[in-house]
Amino acid sequence: MFRPIRRKEKEMPLQKAQALLQKGRRGVLAVNGDDGYPYAVPINYFYSCEAQKIYFHSARAGHKFDALCACDKVCFTVYGNETRRENDWAPLVQCAIAFGRCRPVQPGPAAAALLRQLALKYYPSEQEVDEEIARCGSAAQIFEITIEHLSGKEIHER
């Protein structure tokens, strides 16, 4: 169902793609938007290697929310780990691309725990996480992407 990477010499092992998902701070979520137009938006997220799922939050209204309610198929891309070889102007960049199904996590203790885990990745302290969740956490909708296909590659940008 999912296409293999065409340029096999650029393909990264699955473990490296998972490591990039684990380490990355932002990714681009692509959904089926209005009138058949794709809609791709940068998001904060966290990846659970154990569950093989990506989690993020959203408001309960808007383009992204409406698109996810209409169609659960998504693509999520993270890129980074830019390095340079000695005496080479062009960097090497890694990317991980995940295809999967996205669903809202029902409000409750599980969703609250996921929101807290997401916030801990970005906020400098647990106290700030707790304060922010107390202030506006009830407005957040947690989503989970169940990964159906994951691939990664390293590209020399020349």
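How are H3 and H4 oriented to each other? The points below take this up after the overall layout. The model is predicted.

1. **Overall layout.** The protein chain has 4 helices and 7 strands. Read from the N terminus, its elements run α-β-β-β-β-α-β-β-α-α-β. Along the principal axes, the C-alpha atoms fill a box of roughly 50 × 40 × 25 Å.

2. **Burial and contacts.** The protein chain counts 158 residues, and 39% of them are buried. Take the contacts with a separation of 6 or more: residues 24 or more positions apart account for 71% of these.

3. **The core.** The largest nonpolar core has 35 residues. Leu21, Leu29, Ile54, Phe56 and Phe76 touch the most other members. In soluble globular proteins, nonpolar side chains tend to be buried together.

4. **Leucine 29.** Leave aside residues up to four places away in sequence. Leucine 29 then touches Tyr39, Ala40, Val41, Ile43, Phe56, Lys64, Leu68, Val74, Cys75, Phe76 and Ile145. Two names in that list, Phe56 and Phe76, also stand among the core residues that touch the most other members.

5. **The H3 and H4 pair.** Helix H3 covers residues 109–122 and helix H4 covers residues 126–136. Their axes come within 9 Å and cross at roughly 130 degrees. H3 and H4 are therefore oblique to each other. The crossing of H3 past H4 is right-handed.

6. **What makes the helix contact.** H3 contributes Leu115, Arg116, Ala119 and Leu120. H4 contributes Glu126, Val129, Asp130 and Ile133. By class, the contact of H3 with H4 has 5 nonpolar residues, 3 charged residues and no polar ones.

Conventions
Residues are numbered from 1 along each chain as its sequence is written. This is a predicted model: local features need pLDDT of at least 70, side-chain atom pairs count only at pLDDT 80 or more; totals for chains, interfaces and linings use all residues. Side-chain values use heavy atoms; hydrogens and water are left out. A nonpolar core is a set of buried Ala, Val, Leu, Ile, Met, Phe, Trp, Tyr and Cys residues joined through side-chain atoms within 4.5 Å. Buried means under 20% relative accessible area, exposed over 50%, partly exposed in between (1.4 Å probe, protein chains only). Contact means heavy atoms within 4.5 Å. Axes are lines fitted to C-alpha atoms, for helices over the stretch in contact, and angles run from 0 to 180 degrees between N-to-C directions. Helices (H or I, at least four residues) and strands (E, at least two) are DSSP runs, numbered from the N terminus. Angles under 35 degrees count as roughly parallel, over 145 as roughly antiparallel, 65 to 115 as roughly perpendicular and the rest as oblique. A crossing is left-handed if the near helix is turned anticlockwise from the far one by less than a right angle, and right-handed if clockwise. Ala, Val, Leu, Ile, Met, Phe, Trp, Tyr, Cys and Pro count as nonpolar, Asp, Glu, Lys and Arg as charged, and the others, Gly among them, as polar.
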